Amino acid sequence: IAEEGGFAVKKLPTRYGTLDFRIRADARGRIRVRVGSFQLPPGGVTLTPPLPEGKRIATVRCRRGTHGQIDPSGQCFTITAFPFTAEIILTDQAQSA
């Protein structure tokens with residue numbers, strides 16, 4: 001996801017409709033994610049982004065949509081409303097969120 005443009009899929013068929021998804025790392029080491037309008041599956045969608053070694057999710061700054069708490073491991077969180085746009089802030093694994 002650190003390469004220019006990151007990773008994206010468009011119109012990926014799922015049992016809950018078609019999925020548009022983009023994830024990329026920016027120059028500051030933050031992760032930006034965007035998920036288009038999509039029927040919310042029961043329990044939401046768990047996002048487990050690829051994290052650099054020794055890093056964990058500290059904060060999710062939501063610009064659109066909503067999410068649940070960050071998992072205690074700091075490796076994932078659940079998206080609870082679409083469309084979803086957020087910036088994921090990372091911290092060192094040894095630090096608490």
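This is a predicted model: local features need pLDDT of at least 70, side-chain atom pairs count only at pLDDT 80 or more; totals for chains, interfaces and linings use all residues.

Begin by selecting V9, which touches L19, D20 and F21 when residues up to four places away in sequence are not counted, a contact being a pair of heavy atoms within 4.5 Å. V9 is found in strand β1, where strands (E, at least two residues) and helices (H or I, at least four) are DSSP runs numbered from the N terminus. With 24% relative accessibility, V9 counts as partly exposed, on a scale where buried means under 20% relative accessible area, exposed over 50%, and partly exposed in between (1.4 Å probe, protein chains only).

Residues are numbered from 1 along each chain as its sequence is written, and side-chain values use heavy atoms, with hydrogens and water left out.

**The whole chain**

Taken along the principal axes, the box that the C-alpha atoms fill is roughly 40 × 30 × 20 Å. Of the 97 residues, 32% count as buried, and among contacts between residues at least 6 apart in sequence, 49% join residues at least 24 apart.

**The nonpolar core**

Next, select V33, V35, F77, F84 and I88, which have the most contacts inside the largest nonpolar core, a set of 18 residues. Such a core is a set of buried Ala, Val, Leu, Ile, Met, Phe, Trp, Tyr and Cys residues joined through side-chain atoms within 4.5 Å. The elements that give two or more residues to this core are β2 (17-25), β3 (31-35), β5 (55-70) and β6 (77-92), and the largest share, seven residues, comes from β6. In soluble globular proteins, nonpolar side chains tend to be buried together.

Which residues does I88 touch, not counting those up to four places away in sequence? Show the surroundings of I88 and you will find R30, I31, V33, L47, P49, I57, T59 and F77.

**Two backbone details**

Stay with strand β6, where P83 lies, and display the backbone between F82 and P83: a cis peptide bond joins these two residues, with omega at about -5°. Then return to strand β1 (residues 7-14), which holds K11, a residue that has a positive phi of about 55° although it is not a glycine. K11 counts as exposed, at 65% relative accessibility.

**Three further stops**

Select G6, in the segment before β1, and look for I1, I23 and R24, which G6 touches when residues up to four places away in sequence are left out. G6 is partly exposed, with a relative accessible area of 29%, and a C-alpha to C-alpha line drawn from G6 to D71, 65 residues apart in sequence, spans 24 Å.

Move on to R22 in strand β2, which counts as partly exposed at 27% relative accessibility. Again not counting residues up to four places away in sequence, R22 touches G5, F7 and A8, and also R32, V33 and R34.

Finish at K55, which lies in strand β5 and counts as partly exposed at 29% relative accessibility. K55 and T91 are 36 residues apart in sequence, yet their C-alpha atoms are 5.6 Å apart in space. Leaving aside neighbours within four places in sequence, K55 is in contact with Q75, L90, T91, D92 and Q93.
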